[in-house]
Amino acid sequence: MFPTTRLRRLRRTGTLRDLVQETRVTAHDLILPLFVEEEIDAPVPIASMPGVSRIPERHLAREIEAIARDGVRAVMLFGISRHKDATGSDTLRRDGLLARMTRIAKDAAPDLVVMTDNCFDEYTDHGHCGVVGPDGAVLNDQTLDNLAVQVVVAADAGADVIAPSGMMDGQIGTIRRALDAAGHEGVPVLAYSTKFASAFYGPFRDASGCDLQGDRKTYQMNPANAREAMRESLEDEAEGADMLMVKPGLAYLDVLARIRERTLLPLAVYQVSGEYAMIKFAAQAGALDEARVVRETLGAFKRAGADLILSYFTRDVVREGF
Ligand code: PBG
């Protein structure tokens with residue numbers, strides 16, 4: 001007790017503070033999401049995400065080389081398709097955008113960890129994450145059949161990690177069996193296990209050119225629920241997930257911390273487009289110090305229990321230092 005105890009003793013100098021710092025973010029923890037668009041010649045800036053552009057597929061090899069040279073160690077690829085249809089069938093093709101961008105990225109930087117966001121919404125004309133039935137509902141099991149094909153296409157193209165984000169029931173087990181049957185026993189699955197139906201994805205819809213009809217409330221989770229997040233996480237673990245995720249990040253730190261206590265798997269968090277936009281626009285208005293706020297938020301994810309962090313700030317932070 002005070003005055004014997006004085007917590008300020010360990011805060012007296014920067015080096016002392018560093019010695020007793022409990023968590024630390026490094027380049028090893030960070031994953032950079034990228035948007036890759038086919039059939040364009042120049043990068044398209046995303047108005048709602050200042051500093052982020054859609055990369056033309058034609059420039060992807062050199063962009064990936066530059067990103068790897070900057071020290072980024074992992075990327076998550078999102079395709080922006082010009083070949084949309086009712087089922088997102090472009091993702092099932094060996095010469096589709098998903099397969100091509102994965103091959104290009106792996107060839108350009110073989111040591112870079114290339115993750116694919118395995119979903120359908122950027123490839124369907126209705127913008128939903130799967131097959132839509134006659135009454136407008138997203139059909140779970142028909143979507144699983146397609147997903148089983150899509151993940152093998154991605155793994156054959158060289159994806160290092162398969163990351164399904166569609167929130168279909170049973171998707172992890174389906175994917176694990178499909179990968180194993182195709183000889184990809186060594187390819188891990190990062191489950192978007194707790195994905196909330198969040199308004200923080202707003203700018204992503206702009207970024208990904210997704211014209212969503214309706215909303216995703218019948219498959220993504222209700223933001224009010226934390227117990228259900230435990231069920232989703234434990235279910236995905238039981239089905240064979242190698243890593244789990246919570247998405248979005250900042251508004252769900254409690255969920256992250258609670259899952260951390262219930263699983264031994266590596267845990268990822270996704271600082272989503274809306275979180276990025278809030279910081280960027282506030283910094284542009286002079287209200288926040290961007291560099292410091294970014295580091296504070298990434299640190300908060302670590303403290304709450306994340307091992308891996310997906311963030312659009314990854315390249316800046318890796319380049320500038322922590
Ligand atoms: C769906 C997907 C989404 C995001 C990642 N994967 C959008 C959604 O669920 O509506 C959002 C990412 C972000 O907002 O940064 N494939």
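Author: In this predicted model, a residue is called buried when its relative accessible area is under 20%.

Reader: Is Y270 buried or exposed?
Author: The cut-off for calling a residue buried is a relative accessible area under 20%. The relative accessibility of Y270 is 1%, so Y270 counts as buried.

Reader: Which kind of pair do the rings of Y192 and Y270 form?
Author: Planes under 30 degrees apart would count as stacked and planes over 60 as edge-to-face, with the rest called tilted. Y192, which is likewise buried at 1% relative accessibility, lies in the loop between α5 and β9, whereas Y270 belongs to strand β11, 78 residues apart. The ring centres of Y192 and Y270 are 6.3 Å apart and the planes stand at 40 degrees, so the pair is tilted.

Reader: How many aromatic pairs does a search of the whole structure find?
Author: Ring pairs join F35, F78, Y192, F204, Y270, Y276, Y312 and F313 into a cluster. Across the whole structure, the number of aromatic pairs found is 9.

Reader: Over the ring of which residue does the charged end of K247 sit?
Author: The charged end of K195 sits over the ring of Y201, 5.6 Å from its centre. For K247, the charged end is 4.8 Å from the centre of the ring it sits over, and that ring belongs to Y201.

Reader: What share of the area that the ligand exposes when taken alone does the protein bury?
Author: The ligand is surrounded by 17 residues, the closest of which include D121 and K247. A polar side-chain atom of D121 lies 2.7 Å from a ligand nitrogen, and one of R216 lies 2.8 Å from a ligand oxygen. Taken alone the ligand exposes 400 Å², and the share of this that the protein buries is 100%.

Definitions and conventions:
Residues numbered from 1 in each chain as written. Predicted model: local features only at pLDDT ≥ 70, side-chain atom pairs only at ≥ 80, totals over all residues. Heavy atoms only, no water. Phe/Tyr/Trp six-rings, centres within 6.5 Å; stacked < 30°, edge-to-face > 60°. Helix = DSSP H or I, 4+ residues; strand = E, 2+ residues; numbered from the N terminus. Buried < 20%, exposed > 50% of the residue type's maximum accessible area, 1.4 Å probe, protein only. Lys NZ or Arg CZ within 6 Å of the ring centre and 35° of its normal. Near = heavy atom within 4 Å. Polar contact = N/O pair within 3.5 Å; in protein donor to acceptor, adjacent residues only side chain to side chain. Areas by Shrake-Rupley, 256 points an atom, 1.4 Å probe, with all protein chains shown as cover.
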